[in-house]
Amino acid sequence: MGVEGIGARVVRKEDKRFITGKGRYVDDIKLQGMTHAHFIRSPHAHAKVKGIDSSAALKMPGVVAVLTGQEIVDDKVGNLICGWAITSKDGSPMKMGAWPAMAPETVRFVGQAVAVVIAESKNLARDAAEAVVVNYEELPAVADVHAAIKAGAPQLHPEAPGNQVYDWVIGDEGAADAAIAKAANVVKLDVTNNRLAPNAMEPRAAIADYDSAEEHFTLYTTSQNPHVARLVLSAFYNIAPEHKLRVIAPDVGGGFGSKIFIYPEEMVALWASKKVGRPVKWTGDRTEAFLTDAHGRDHVTHAEMAFDANNKITGLKVKTYANFGAYMSLFSSSVPTYLYATLLSGQYNIPAIHAEVVGVYTNTTPVDAYRGAGRPEASYLIERLMETAARQLKVDPAALRRSNFITQFPHQTPVIMAYDTGDFNASLDAAMKAIDYAGFAGRKAKAKADGKLRGIGVSCYIEACGIAPSKAVGSLGAGVGLWESAEVRVNPVGTIEVLTGSHSHGQGHETTFCQLVAERLGVPISQVSIVHGDTDKVQFGMGTYGSRSAAVGLTAILKAMEKMESKAKKIAAHALEASEGDIVIENGEFKVAGTDKAIAFPMVALAAYTAHNLPDGMEPGLKESAFYDPTNFTFPAGAYICELEVDPGTGKTTFVNFVAADDFGRLINPMIVEGQVHGGLAQGIGQALLEHAIYDANGQPVTASFMDYSMPRADDLPSFNLSHTTTLCPGNPLGIKGCGEAGAIGASAAVINAITDAIGKNNLEMPATPDRVWRTIHAA
């Protein structure tokens with residue numbers, strides 16, 4: 001490890017511009033002649049659009065146009081799509097209801113756009129929108145999954161009778177039923193995984209600019225994967241041919257999955273820019289974010305876990321109802337299926353697993369991937385089951401987990417996943433030592449004497465990251481491959497540009513990716529720049545989600561580096577009159593091993609471009625690209641233990657300690673990894689204690705602002721005690737597993753397990769607000 005190489009705690013390069021207000025976000029961009037868009041959104045969860053009168057608005061100062069849903073349909077702009085095909089257990093395809101960019105006839109959730117005002121300023125557009133009169137015929141609505149599938153429930157889409165998207169299964173039902181029938185003990189649990197709003201710091205935004213002379217569009221957008229956005233906008237939405245559309249995602253202020261997708265606003269901005277002949281800008285406000293950003297989670301599940309007389313798990317059966325909201329979003333179909341049910345083995349050796357997932361339409365905001373995407377739901381269910389089982393079987397929760405851990409690798413689970421490596425005992429040992437698990441009984445007794453209820457909760461999670469290989473996900477219904485691309489350009493003076501298809505929205509790529517270059521070449525990271533987020537500059541790439549940036553994206557960079565280094569060694573060997581096999585790279589120089597003969601890296605680069613003395617047949621230049629498609633998912637895992645106190649008089653929870661022992665494989669920058677874990681833990685704890693996107697029975701959101709939706713603040717969180725165990729991932733040459741989602745996956749179960757341990761009652765749903773905890777304590 002060098003001072004700035006792999007494993008070094010290098011301060012993030014990009015933070016200088018962020019903390020000094022020099023970041024360049026979409027809303028910072030101003031184009032000549034730019035207009036502003038304001039969307040007119042439905043106040044109803046379900047209604048017919050009977051008419052739109054924009055005559056008064058069109059007479060107001062600064063108004064350029066008022067465009068409606070019927071107009072965008074007439075111009076043959078395509079409906080939004082879901083890009084992952086799921087097949088029901090009866091062999092029928094999923095039922096995808098039509099989702100137009102603006103509703104021409106029917107709205108199906110509060111906040112769905114029916115028209116847009118284009119004006120000279122944001123305020124003028126907002127004022128004019130107030131003058132647009134929309135005549136609605138309100139229809140019955142349904143927001144709850146069980147209510148939505150009842151006979152006689154309001155129907156959202158004619159394509160989906162009974163509001164059912166699909167009824168999907170995985171695993172061996174007969175084997176699971178047999179295990180439950182023969183079990184010495186069966187643990188049953190009903191769990192709701194509460195709906196969340198993503199709440200990235202930067203709201204979504206888009207600027208579209210149509211060049212009529214070139215018939216070319218440019219879209220600036222808050223995207224985690226600009227190339228995929230361009231592909232979908234061109235191939236499916238009929239916005240423009242792919243070579244006539246440039247998508248730029250500049251600095252993006254957080255995404256957490258919610259900025260993977262193409263939303264109606266980007267489509268409308270592009271279409272409107274061509275209609276009005278000027279650039280069109282839209283920046284969402286926080287209320288729009290609550291109403292229209294894809295929500296996360298929202299599962300209702302019944303599960304049964306079978307144990308033999310030795311407390312070994314013999315089977316698991318799960319049935320989950322997944323709330324999709326009003327429409328299917330880009331990857332929504334995969335979240336409660338292949339990103340959830342395939343992780344139901346957890347860290348445990350479970351011989352038989354069967355899961356059934358019923359996807360349901362409701363009159364609510366569409367639901368899609370949110371940090372962890374299916375894996376938090378799986379981990380929460382399994383870890384609540386294990387804690388419940390320990391109480392029912394009257395054994396120590398950590399000991400029950402340990403006795404069921406997978407210890408031999410590779411391990412094939414009954415639900416597709418093949419775990420490549422891991423050491424679950426090591427993570428649990430580290431967490432138990434850090435929290436002094438053995439001394440908890442004494443601390444609990446002391447707290448009781450002080451009038452407090454103290455509890456401890458364990459959560460052992462595993463996740464599948466990288467979301468690859470392409471052949472595997474393609475066989476499961478994914479509409480795209482999930483490889484990654486990279487290009488390494490060495491300039492004539494020896495500076496280096498790394499172009500990556502990954503995209504950073506807070507992960508620190510501009511530092512971490514440079515550290516790999518520094519490690520291999522011995523050059524300072526100041527000599528390296530990272531280029532991403534522009535489809536005209538960077539070759540096609542798949543973007544950032546699923547903790548894939550290092551395991552997949554950085555490995556693509558490594559592959560390109562290896563090609564570049566091979567050519568550079570040939571040039572150096574030729575210049576030094578040595579054998580290529582004798583050339584080594586050390587401290588920014590190409591050296592002949594065992595001698596004092598060397599040539600500096602900048603001189604090798606210059607030689608590549610002057611081309612005065614290259615080996616015979618070699619092309620000038622020093623630039624290489626690579627595509628990397630991994631052979632398996634990666635499997636980060638860990639153990640979290642939470643210790644807390646509950647005040648029985650108020651139901652308020654106070655953290656005493658929270659330890660997290662993670663196995664992420666090789667760490668490129670431990671400081672950045674710790675920051676990622678901190679953020680994930682905050683979101684996992686937020687879900688456990690505070691956050692809940694709530695709708696009333698008529699589909700009206702009652703948590704559409706920070707006045708009603710509670711986000712975790714610094715004083716809601718403990719000081720985290722982090723540690724790392726390491727098993728290197730054999731599936732990529734860097735041994736990396738990924739770290740971006742782990743905290744959000746493992747934290748919630750640890751917190752709820754600790755609270756239920758403290759209060760002595762197991763039936764507690766998230767969020768465990770003081771009121772809910774108090775009522776549970778004092779319930780008969």
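Tutor: What follows is a close look at the aromatic rings and then at the cysteines. Please keep in mind that the model is predicted. A pair of aromatic rings is described by the distance of the centres and by the angle of the planes, and in this structure there are 21 aromatic pairs. Take Trp483 and Phe627, whose ring centres are 5.2 Å apart and whose planes stand at 65 degrees; because planes over 60 degrees apart count as edge-to-face, this pair is given that name. Trp483 belongs to the loop between helix H14 (470–475) and strand S19 (484–490), whereas Phe627 sits in strand S25 (residues 623–628), so their pairing ties together parts that are 144 residues apart in sequence. Elsewhere, Tyr348, Phe405, Phe409 and Phe424 make up one aromatic cluster.

Turning to the cysteines, a disulfide is a covalent bond between the sulfur atoms of two cysteines, and the structure holds 0 of them. Cys465 is in no disulfide, and the nearest cysteine sulfur, which belongs to Cys739, is 8.9 Å away, while the cut-off for a disulfide is within 2.5 Å. For Cys514 the closest cysteine sulfur is again in Cys739, but at 17 Å, and this is too far for a bond.

Note on methods. Residues are numbered from 1 along each chain as its sequence is written. This is a predicted model: local features need pLDDT of at least 70, side-chain atom pairs count only at pLDDT 80 or more; totals for chains, interfaces and linings use all residues. Side-chain values use heavy atoms; hydrogens and water are left out. Rings of Phe, Tyr and Trp (its six-membered ring) pair if their centres lie within 6.5 Å; planes under 30 degrees apart count as stacked, over 60 as edge-to-face and the rest as tilted. Helices (H or I, at least four residues) and strands (E, at least two) are DSSP runs, numbered from the N terminus.
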